[in-house]
Amino acid sequence: MLGIKIDYEKRIYGFDLLRAFAIFCVIHGHGKHLLNGTMLEGFPWVPLPRGVDIFFVLSGFLIGYSFISGAAKTNGQLKFGKAMNFWERSALRILPNYYLLLAVNYFLVKSGILNGSVAKFSPWLFATFTQNLWYPFYDFFWESWSLATQEWFYLLFPLLLLFFTRNNRLKQSIVIISGFFIIIAIIYRINISGTVYDTFWWDVNFRKVALSRIDSIFFGVLAAWVRFFYAESWKKFALPAFISGIVIFLIMSSIPKNTESIYYNIIYLSLSPIFIALLFPLIDRLKDSRSVVGRFITVISFLSYSMYLLNLLFIQLIDKHYANLLANHATFKYLLFLLVTFTGSYLLYQLYEHPIATLGNKILHTSKMMYKRMDNGRSSGKTPEK
């Protein structure tokens with residue numbers, strides 16, 4: 001669809017739908033103020049979850065399940081080759097867009113086209129995803145906070161799994177690793193909860209620090225653990241779990257978000273991924289849709305990473321330079337924002353992300369074939385040709 005080659009057989013439609021919903025929540029959250037004063041103000045008139053929380057839990061679930069099922073096939077031990085393959089492919093998927101948009105943001109802020117401060121920019125910190133590891137950052141490339149959180153999960157989870165599964169205790173290892181990071185995140189939030197924050201600084205200090213949020217991803221890993229080791233219960237209790245998740249979300253939405261409360265400072269950010277994970281067993285049942293709408297949802301899911309990186313940049317440009325554009329037609333302005341975000345993401349994928357990924361995959365494949373030939377030469381006693 002739209003010239004994007006997608007192997008629909010390998011897609012899990014329910015999670016594509018969830019990912020598309022998550023990116024809508026993110027984009028709408030950044031652009032909903034464009035609807036103020038129109039008939040659509042407050043759209044969709046029901047509380048929405050934070051899209052980033054959905055991405056966190058979904059990432060932990062899908063990656064966690066991949067590693068658990070992979071290790072189970074090799075006597076409960078994670079092989080280094082699988083971890084390395086994951087690191088290589090995730091780097092090809094994430095780093096090109098990230099570094100490109102990092103450079104674009106620096107240029108736009110430096111030239112005054114975009115609001116922000118290059119004083120907050122450190123090449124070393126942003127290059128190593130440590131800009132918000134255990135301390136807050138703000139006023140430059142805001143959206144990178146969640147990428148840093150995920151990148152540290154991508155690095156640490158396989159490493160710890162390699163270490164802990166040496167004794168063939170895969171089932172226990174997942175619980176130990178996940179529990180450790182969940183406890184660490186809660187301790188971090190307890191440690192900083194003594195300071196009084198307004199809403200803005202609460203968001204910067206609690207919600208956008210990697211150490212404070214990495215528990216969200218590991219709740220997704222625990223959901224994958226349940227799906228793999230308790231598959232029957234995963235299916236049997238899918239509907240009750242979904243209803244429970246919705247009830248928890250509605251209760252969370254009704255509780256005042258007081259930045260001085262124990263609930264909001266400590267419990268809320270762990271409760272959010274729990275309610276999301278409870279939705280997964282039922283969503284996992286949704287079948288692939290071959291309709292035009294279903295395929296478009298999959299395309300949105302496919303482009304969600306690029307859309308995440310671009311949408312905030314576009315809304316900042318609109319707010320600063322085109323505040324009076326379509327002043328009497330704010331709804332069209334909102335729709336234009338959505339269209340620009342989708343179009344920009346599509347072009348970013350087609351002209352930059354996909355060509356780099358294709359080239360990278362060819363290089364990785366060539367390297368693996370070379371080492372394979374060398375290994376075959378050694379095992380047969382022959383010397384590889386020079």
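Me: Is the crossing of α2 and α5 right-handed or left-handed?
Reply: Happy to start there, with the reminder that this is a predicted model. Helix α2 covers residues 51–72 and helix α5 covers residues 144–164. Where these two helices cross, the hand of α2 and α5 is right-handed.

Me: Are α2 and α5 roughly parallel or roughly antiparallel to each other?
Reply: The axes of α2 and α5 come within 11 Å and cross at roughly 20°. Angles under 35 degrees count as roughly parallel. The relation of α2 to α5 is therefore roughly parallel.

Me: Is α10 roughly parallel or roughly antiparallel to α11?
Reply: Helix α10 spans residues 238–254 and helix α11 spans residues 262–283, and their axes are 7 Å apart. The two pack at an angle of about 150°, and angles over 145 degrees count as roughly antiparallel. That makes the relation of α10 to α11 roughly antiparallel.

Me: How many nonpolar residues are in the contact of α10 with α11?
Reply: α10 contributes residues including L239, F242, I246, F249 and M252. From α11 come, among them, Y263, Y268, L271, F275 and L282. Three residues of the contact of α10 with α11 are polar and no residue is charged, while the nonpolar ones number 16.

Me: Is the crossing of α10 and α11 left-handed or right-handed?
Reply: This is the pair with an angle of about 150° between helices. As α10 passes α11, the crossing is left-handed.

Me: How many residues of α1 are buried?
Reply: Helix α1 runs over residues 13–31, which gives it 19 residues. From first C-alpha to last, α1 reaches 27 Å, close to the 27 Å expected at 1.5 Å a residue. The helix is mostly covered, and of its 19 residues the number buried is 14.

Me: Is F15 buried or exposed?
Reply: F15 lies in helix α1. Beyond its neighbours within four places in sequence, F15 is in contact with L58, F61, L62, F280, I283 and D284. Buried means under 20% relative accessible area. F15 has 2% relative accessibility, so the residue counts as buried.

Me: How far apart in space are F15 and L286, C-alpha to C-alpha?
Reply: In sequence, F15 and L286 are separated by 271 residues. In space, the C-alpha to C-alpha distance between F15 and L286 is 8.5 Å.

Me: Which residues does a cis peptide bond join?
Reply: Look at P44, in the loop between α1 and α2. The omega of the cis bond is about 10°. The residues joined are F43 and P44.

Me: Is N75 buried or exposed?
Reply: N75 sits in the loop between α2 and α3. Its phi is near 60°, a positive value in a residue other than glycine. The relative accessible area of N75 is 66%, over the 50% cut-off, so N75 is exposed.

Me: What is the relative accessible area of L326?
Reply: L326 is not a glycine, yet it has a positive phi of about 50°. The place of L326 is in the loop between α12 and α13. L326 is partly exposed, with a relative accessible area of 32%.

How values were computed. Residues are numbered from 1 along each chain as its sequence is written. This is a predicted model: local features need pLDDT of at least 70, side-chain atom pairs count only at pLDDT 80 or more; totals for chains, interfaces and linings use all residues. Side-chain values use heavy atoms; hydrogens and water are left out. Helices (H or I, at least four residues) and strands (E, at least two) are DSSP runs, numbered from the N terminus. The expected span of a helix is 1.5 Å times one less than its number of residues. Buried means under 20% relative accessible area, exposed over 50%, partly exposed in between (1.4 Å probe, protein chains only). Axes are lines fitted to C-alpha atoms, for helices over the stretch in contact, and angles run from 0 to 180 degrees between N-to-C directions. Angles under 35 degrees count as roughly parallel, over 145 as roughly antiparallel, 65 to 115 as roughly perpendicular and the rest as oblique. A crossing is left-handed if the near helix is turned anticlockwise from the far one by less than a right angle, and right-handed if clockwise. Contact means heavy atoms within 4.5 Å. Ala, Val, Leu, Ile, Met, Phe, Trp, Tyr, Cys and Pro count as nonpolar, Asp, Glu, Lys and Arg as charged, and the others, Gly among them, as polar.
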